[in-house]
Amino acid sequence: MTASKMRGLLLCALSLLSGVVAQSTSVDAYVSSESPIAKAGLLANIGPSGAKSSGAEPGVVIASPSTENPNYLYTWVRDSSLVFKVLIDQFTSGADTSLRSLIDDFITAESVLQQTTNPSGSVTTGGLGEPKFNINETAFTGSWGRPQRDGPALRSTAMIAYANWLLSNGNTSFVSDTLWPIIELDLDYVMNNWNQSTFDLWEEISSSSFFTTAVQHRSLREGSTLATKIGQTSVTSGYNTQADNILCFLQSYWDPTDGYITANTGGGRSGKDANTVLASIHTFDPSAGCDATTFQPCSDKALSNLKVYIDSFRSIYSINSGAASDAAVATGRYPEDVYMNGNPWYLCTMAVAEQLYDALIVWSTQGSLDITSTSLAFFQQFSSSVQPGTYASSTSTYSTLTNAIKSFADGFVAIHAKYTPSDGSLAEQYSKTDGTPTSAVDLTWSYAAALTGFAARGGNTPASWGASGLTVPATCQSFSGPTVAVTFDVDATTVEGENIYLTGSVAALENWSPDDALLMSPNDYPIWSITVSLPANTVVEYKYIRKDGSGSVTWESDPNNSITTPASGTLTTNDSWR
Ligand code: NOJ
Ligand code: NOJ
């Protein structure tokens, strides 16, 4: 090599290095300035004394103070639980010891919501799946994508973290007498309903959803451990059995051909979705290493998935144009998103960074990283010639890759920073065309996501929830809780060639599919009849539809019909076609 070539290479390496150093310094600065703003922004949205949440009961988290376009002045179980998990982690780690009474307010508020009868049912008939409530703790009765079955799982995960801290600090009675009854309701709901269809976390698709399944799995595992600690041994075998079944089902979302996790079993989309990235960071368990069955952040499957997810946004947002094919870019919920025009979301972009920081934490603890054929494409972004193998931390391959991945992760935080206004406030979305904040202002979840992303960047190691050493059962048992026989009778006059069908809100009624709707029998014409086995104690909505000889469909008029199935026995409807 000539001297000048050598100098050229050196300069090139130096300028790359100084670019990386400059980025990391400016990301450091963003983390320091944004952290207190995010914390304050989050607290401002919690009643009763949060600066932006007047009218919210104590411990109630508003999703955002925005009251129109969109109106988010409600409390969602998902958002609230993710937000309080952040606060509980800050409290139990000693980072902020002032939060205890707010956490106790949250416990009280959620126990009231659990008992609030709502359109999904009562506490014993499915009401725990209700996604959102009014901020004065009454039911929201408008139409909505319900139920959403991630809520009880996320809420119990937050409360279990608090319970574990209380137990280590000798406060067993509060855990057994106050927390456990609340946690148990949620976990029993998860155990009995995980196999039922659910709206996804974006409230749009009713099917099975990876995020929901993953957080349900986690909640039953840590719930079973907590139950054992406090002597509630009667629940553990049920929780463990269903956790095994859920873990088995969780594997089915993986698409081995295209190397990503398909977010939903329904919905007719690509399935590339931040759903899966959020699932990985919210079920991070450092003790499980890079386990792929639980889709740990550094697992080959989760890394392959992450690349596919990121790449799906490269060409659809104009703010991403011109970015190199391996550079960090703005990311949103899923590429087909059209809500508010379909923009990048702060919490989704931060989730990418968080998954990468989590991965770096585990590689550093293990002192090595593995590349498999599944994760090869992910790693080749950072070193095109790298090959499958195990690379110890002493190797140059390990340093090259981990340095590049750290700077890739920082790149997502840098994008988050670039599109955050100078006052540091975090809306829900930022425009895909010019990056200006859009949709709901001061989204509490955006603040929470910034705090967990920053904590991961700082090397924060969360507590284990029991992901290590699990084995996936060889065959999956699907599970439905108790069922009851319901006979649907409808008086409907038809003409030659017409038939009456039934569809509705649960899997047994084909999830509102007109194509798969159940054909009813005209034996007692004009009464059309069918008997279906439905989940017990559940609010079920349904409609009859009419198909003519050519298959064209006429729906009954609105609103939907609704029944609450009994705990046992049978039920017969007595409807007339509308
Ligand atoms: C409101 C939901 O909160 C949002 O997630 C969804 O995209 C829109 N409704 C459109 O369905
Ligand atoms: C819409 C989001 O899609 C959903 O996940 C969230 O719970 C609500 N907004 C409230 O923030």
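**View 1. Cys248 and Cys476 are joined by a disulfide, with their sulfur atoms 2.0 Å apart.** A disulfide here is a pair of cysteine sulfur atoms within 2.5 Å. The torsion about the S-S bond of Cys248 and Cys476 is about -95°, so this disulfide is left-handed. The pair ties together distant parts of the chain, 228 residues apart: Cys248 sits in helix H7 (residues 236–250), while Cys476 lies in the loop between helix H13 (444–457) and strand S11 (483–491). Helices (H or I, at least four residues) and strands (E, at least two) are DSSP runs, numbered from the N terminus.

Before moving on, a word on the model. This is a predicted model, in which local features need pLDDT of at least 70 and side-chain atom pairs count only at pLDDT 80 or more, whereas totals for chains, interfaces and linings use all residues. Residues are numbered from 1 along each chain as its sequence is written, chains are lettered from A and ligands numbered from 1 in the order in which they are written, and side-chain values use heavy atoms, leaving out hydrogens and water.

**View 2. How accessible are Cys248 and Cys476?** Cys248 is buried, at 5% relative accessible area, whereas Cys476 is partly exposed, at 46%. Buried means under 20% relative accessible area, exposed over 50%, and partly exposed in between (1.4 Å probe, protein chains only).

**View 3. Cys290 and Cys298 form a disulfide, their sulfur atoms 2.1 Å apart.** This link is left-handed, with -105° about the S-S bond. Cys290 is partly exposed, at 24% relative accessibility, and Cys298 is buried, at 5%.

**View 4. The structure holds two disulfides.** Counting bonded cysteines along the chain, they follow the pattern 1-4, 2-3.
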